[in-house]
Amino acid sequence: MKIHVITEQRDGKWNPVSSETLVAAQQIAAAPPGSRVAAVVIGKEVRGLAEEAAANQLAEVLLVEHDLLERYTPDGYAIALRQVVTQTQPDLVLLPHTYQVRDYAPKLAASLGKGMIADCVGYRPEKDRIVFVRQMFQGKTAADVSFTGVPPWFVSFQAGAFRGDQVARGASAAPITAIKVDLQAEQIRTKPLELFREAKQAVDLTQAPILVAIGRGIKAPENIPLAEKLAKLMGGELAASRPICDEGWLPMDRQIGSSGQTVAPKLYLALGISGAIQHVVGMKGSRTIVAINKDQNAPIFEVADYGIVADIFELIPALTEVLEKK
Amino acid sequence: MERERLDADVLIVGAGPAGLACALHLARLIRQHNESGCKPELSTEGIYVLEKGRDLGAHQLSGAVLDPRALAELVPEFAKTAPLDTPVNDDAAYFLTASRAWKLPITPPPLRNHGNYIISVSKLAKWLGGLVEQAGVNVFTQFAGAELIHEGEAVAGVITEDKGRDRDGKPKDNFTPGYELRAKITVLAEGPRGSLTKHLVEDKNLGGLNPQVYSMGVKELWEVLPGRIKPGWVAHTLGWPLDSSMYGGGWIYGMQDNRVSLGLVTGLEYHNPRFDPHEAFQRFKTHPFVRRILEGGKLVRYGAKTVPVGGWYSIPRTYLDGCLIIGDSASLLNSQRLKGIHMAIKSGMLAAETIVEALRAGDRSAAKLSVFRRKVDESWIGRELLSVRNFHQSFQHGLWRGLAHTAVQFVTGGRGLVDPMRMKAGYEQYHKLDGAGPAPPRFQGDGVLTFDRLTDVYHSGTRHEEDQPCHLHVLDTNICVNRCVFEYGSPCQYFCPAAVYEMVEEKGGRRLKINFSNCVHCKTCDIADPYQIIDWVPPEGGGGPNYEGM
């Protein structure tokens, strides 16, 4: 059986899950006699990586280089790898189940009219076929899946399904074969921009020393800038109780309470927050809690260090004015 | 959309006492069948149980006093391992007025509970589920049946709910489409007002002679000061805070470790659309008789759930091609004894027997599965339900006439003066308001003995992924703002025990705001909305209350 592993690299650095997939290939190849494993290294000027890969116990390393493969694009990878598969005719193509693979591999398989078994956690050789195991129902059960029809067959393995450190090294370096692919700029319909890591949270309320939190008492989204201005003058961040975020008036990452964040700032100014227990559990650890609410029976006053029974629309402008004068 | 498909022999929707008993008995019967060498060989691996709760038992709520009759049939050695908490050793019935409690000289026979156990049905389900898994059956928690698969006239399985949609229904990064679970036989064991059962009964016109009618139970679990209540003491109350036109009553059960289970059951067929069952329960706790027990103690957990009380004449057709309906979903509950767990278990077992016969014969037709209904009728379930077949209906004209009817029924084996006694659906019983007068102020609670609904919801452990579509479908909110407000004063704000529904006044007018993440999955809104425009569908699996230990 001819097994090809499509490795993954970016900017000349391996995605370590590549070696896990190599291990999978080496293990699968151990059973059917005459099996051989080849690693595919794809990119621009990646011969160095191909040489590194050749140190593993492999029949061959297939080097796929093209200027248009410098940056990953789904079109570029799918078109190039289709040519590789057509030219080299493997039986089994193994991929690591990365975000990138999730992006292009279905397209690659479909362009060859083949199916793909994605996100597998293991395999089991049977007499005349290989059964791949993938999880269902959030890992509560496993399904055995196998291919019908003729090769090539595409399979991707979940990260962690195999141990990358178990990759077998070769006695001598595997030969490197360059594969020429034909790729035109106009075939690539997307243009990759700069890579960036999405900030996990735009604001980190847990680190803010002062929080100005608004509740239903703010009444309408038009009134939020009032509180925002006050927060800015106080050197704090704006937070809210659930109804405000539920209405979409503020993003969810500003929600305090059992279904939001738990905070303990030096000062917590609660504006028009009734103090339902769901909110209080997220802020009761604050050092000083100041609550302003029209309703003197509001439960927020039970946890507040200072309570002001007042209309927030009178108090916010007054506080703002004082702070602006300073 | 392309979905992953899984083929099962038997798919059970709902891991309550009925569904789990069905699965456990089925696994045992399959083993016996295979050991006998009969063909075709059957497998327990082809049985799947779906449960929308986070864990086994998470959505199970009841009083609960268990009649162990069926459990003894299902697990003969149950007394050794089942979580039975406390045997009942004393029972009493009281009639409450606003300030007094009158003990009835004798406890009416249906409320006698010697030989029964005070249990947590959540713990029972967890324990039963463990046995089911040991027997080799797959139980998938955090998966709900979202929609039935039909093949011609037959039910052929369910599609589970999609996971990872945002509030507008758009797929998020973690989007996983629901699975297509095909089954030879689908068993609906969804409890009261199952979301699949409801539509199936409507679409196929399976309803019984009477429509199903429901009560709603609001429950709290308390830890009280030592000596306030005897473990094993079971009390039921009639009267205050409900008036004599209403059906329902309270319960107080003494459990181990100074824990008290108490609650109030209200028939969802009252006339005043602004009646608030949660508030009534809070008031119930302020009665001197109840306050005496609770004072100095603390609230541990909260929950609410509906109860099907229609009984015999509300049983829907329970068998279709490829499908059975069991337990509460099938109206198998004795409303006079306030008990359904024993019938749920028994019906699960009878369904299992029917299913094995069907699998053996390779025949899943309604005709073959109709054996289930015959088994129910011929078992003690049939006898027990027949003897109280007119009980609930007798109370539609108030408590006093109900009690008089009940006495006659008692001596005539259930027949009574009118048989069958008919009944309207609960939502048809509201009296319209004269215009939308000012709403009475909402109950606040003192935070010690009584609580507002949000505080109680907190104690139900309810959690939902917030960024998902609202699972309470209101088919036409124009009715809410243009008609309901004036005709009934928006009863959804009052009957919901979890503060899900809010009519908010805005500049532009009124708007119905649905705080779906508070939902405790009791189904009251689906049942009690006067226009029947609320459709409760399962949210993303795992969401909902956490009734562990309740």
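Residues are numbered from 1 along each chain as its sequence is written, and chains are lettered from A and ligands numbered from 1 in the order in which they are written. Because the model is predicted, local features need pLDDT of at least 70 and side-chain atom pairs count only at pLDDT 80 or more, whereas totals for chains, interfaces and linings use all residues.

**Figure 1**
Chain A is divided into domain 1 (2–187) and domain 2 (205–325), with bounds that come from an automatic or database domain assignment. The C-alpha centres of these two domains of chain A lie 53 Å apart. Chain B has domain 1 (5–63 + 125–208 + 315–386), domain 2 (85–118 + 213–309), domain 3 (392–420) and domain 4 (428–536). Between the C-alpha centres of domain 3 and domain 4 of chain B the distance is 34 Å. Chain B has a mean pLDDT of 95, and 99% of its residues reach 70 or more; pLDDT is the predictor's confidence in each residue, from 0 to 100. For the complex, the predictor gives an ipTM of 0.75 and a pTM of 0.87.

**Figure 1. The contact between chain A and chain B.**
Twelve residues of chain A are in contact with 16 residues of chain B, where contact means that the C-beta atoms of two residues, placed from the backbone, lie within 7 Å. On the side of chain B that touches chain A, the elements giving two or more residues are strand 8 (138–141) and helix 13 (453–458) of chain B. Helix 13 of chain B provides the largest share, three residues. Helices (H or I, at least four residues) and strands (E, at least two) are DSSP runs, numbered from the N terminus. By class, this side of chain B has six nonpolar, six polar and four charged residues. Here Ala, Val, Leu, Ile, Met, Phe, Trp, Tyr, Cys and Pro count as nonpolar, Asp, Glu, Lys and Arg as charged, and the others, Gly among them, as polar.

Why is strand 10 of chain A described as largely enclosed by the rest of the structure? Five of the five residues of this strand (residues 153–157) are buried, so it is largely enclosed. A residue is buried if 20 or more other C-beta atoms lie within 10 Å of its own, exposed if 12 or fewer, and partly exposed in between, with C-beta atoms placed from the backbone. A:Trp153, A:Val155 and A:Phe157 point one way from the strand, and A:Phe154 and A:Ser156 the other way. In a regular strand the side chains alternate between the two faces of the sheet. Strand 6 (residues 92–96) of chain A pairs with strand 10 of chain A in the parallel sense over five bridges, and A:Leu92 stands opposite A:Trp153. Two strands pair if DSSP finds at least two bridges between them. Strand 7 (residues 116–126) of chain A also runs parallel to strand 10 of chain A, joined by three bridges, with A:Cys120 opposite A:Phe157.

**Figure 2. A three-stranded sheet in chain B.**
This open sheet has the strand order 3-7-4, with antiparallel pairing. Its edge strands, each pairing on one side only, are strand 3 (65–66) and strand 4 (86–87) of chain B. Two bridges link strand 3 of chain B to strand 7 (residues 117–118) of chain B, and B:Val65 stands opposite B:Ile118. B:Ala64 lies in the loop between strand 2 (47–51) and strand 3 of chain B, and the peptide bond from B:Gly63 to B:Ala64 is cis, with omega near -5°.

**Figure 3. Two residues of chain B with positive phi.**
B:Gln142 is found in the loop between strand 8 and strand 9 (145–151) of chain B, and its phi is near 65°, a positive value in a residue other than glycine. Is B:Gln142 buried or exposed? B:Gln142 is buried, because 22 other C-beta atoms lie within 10 Å. B:Asp257, in the loop between strand 16 (248–254) and strand 17 (259–267) of chain B, has phi near 55°. B:Asp257 is exposed, because 9 other C-beta atoms lie within 10 Å.
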